[in-house]
Amino acid sequence: MASHWPVIVGINQYQSLQPLMYAQFDALELRDFLVNEVGLPVEYCSLLTDISPMVYQGAASPTREVLLQRLSQSCDRAGPDDTVWFFFSGYGVQWQGQDYLLPIDADPNRIEQTGILIETLLQRLAQGGQRQSIVMLDINRPQSALAVTPGSQGLGAPSLALAENLAIPLVLSCQPDQFSQETLAVRHGLFTEALIEGMRFHGCLTLAQLVDYLRDRVPELCQHHWRPVQNPVAVLPPGQQYAMLVPP
């Protein structure tokens, strides 16, 4: 029977960056939803957050080494009918025309050495033995990295193009020229709030259903909570728009 192997990352307390408020809560609630409500086996779900090693058996801190290791393990363990789902809530930057995710031990002055090139993640997923991959990125930008390099397309644009070339479904929390918003009112990023809401309450079981819901709901949440507009953007390769977000 086909199953899912999610790698779920949420980082609040960075070692060298200003803390985020709710990225960790995003990851924790998504993991609890998949395990406690969907019924996904605990051992299939890799959780990487600040406090998860102290709370969840088998969880680990989201360092660069551990994050790449857990992704590779999930790709290796997944069968030919399975899905590997990668979710990230935390900081990201664009450096020299390439997109990077920042693990908990990232150094903003050494992006190439301590960040995780999104191309590396997508290539690893493309090389896995799983039938399907799904990538969802709720990326914030640190104040120290807001300057846009001349000629830059904006954070996320290179990743969208690469995902299209590799035929890997990719959902970004906002357009390359926008910012991902979070608020005390829901104790989540607005993208993740809508993501879980769509699956939990509105029957979004396929990727296409969820993307349609996010496109409508995230701007609505921004308006409701008096936040700047945020429009999710997605790559849905032909034939994969009906990919199941959870096991049947």
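Which residues does Phe 86 touch, not counting residues up to four places away in sequence? In this predicted model, local features need pLDDT of at least 70 and side-chain atom pairs count only at pLDDT 80 or more, while totals for chains, interfaces and linings use all residues. Residues are numbered from 1 along each chain as its sequence is written, and side-chain values use heavy atoms, with hydrogens and water left out.

With contact taken as heavy atoms within 4.5 Å, Phe 86 touches Val 7, Val 9, Leu 67, Leu 71, Leu 101, Leu 121, Ile 134, Val 135, Met 136 and Leu 137, residues up to four places away in sequence not being counted. Phe 86 and Leu 137 have the most contacts inside the largest nonpolar core, which has 43 residues. A nonpolar core is a set of buried Ala, Val, Leu, Ile, Met, Phe, Trp, Tyr and Cys residues joined through side-chain atoms within 4.5 Å; buried means under 20% relative accessible area, exposed over 50% and partly exposed in between (1.4 Å probe, protein chains only). Strand β3 (residues 83-95) supplies the largest share of this core, five residues; strands (E, at least two residues) and helices (H or I, at least four) are DSSP runs numbered from the N terminus.

Ser 3 lies in the segment before β1 (4-10). Ser 3 is buried, at a relative accessible area of 10%. Beyond residues up to four places away in sequence, Ser 3 touches Leu 40, Tyr 44, Asp 82, Thr 83 and Pro 247.

Val 55 belongs to helix α2 (residues 52-55). Val 55 counts as exposed because its relative accessibility is 52%.
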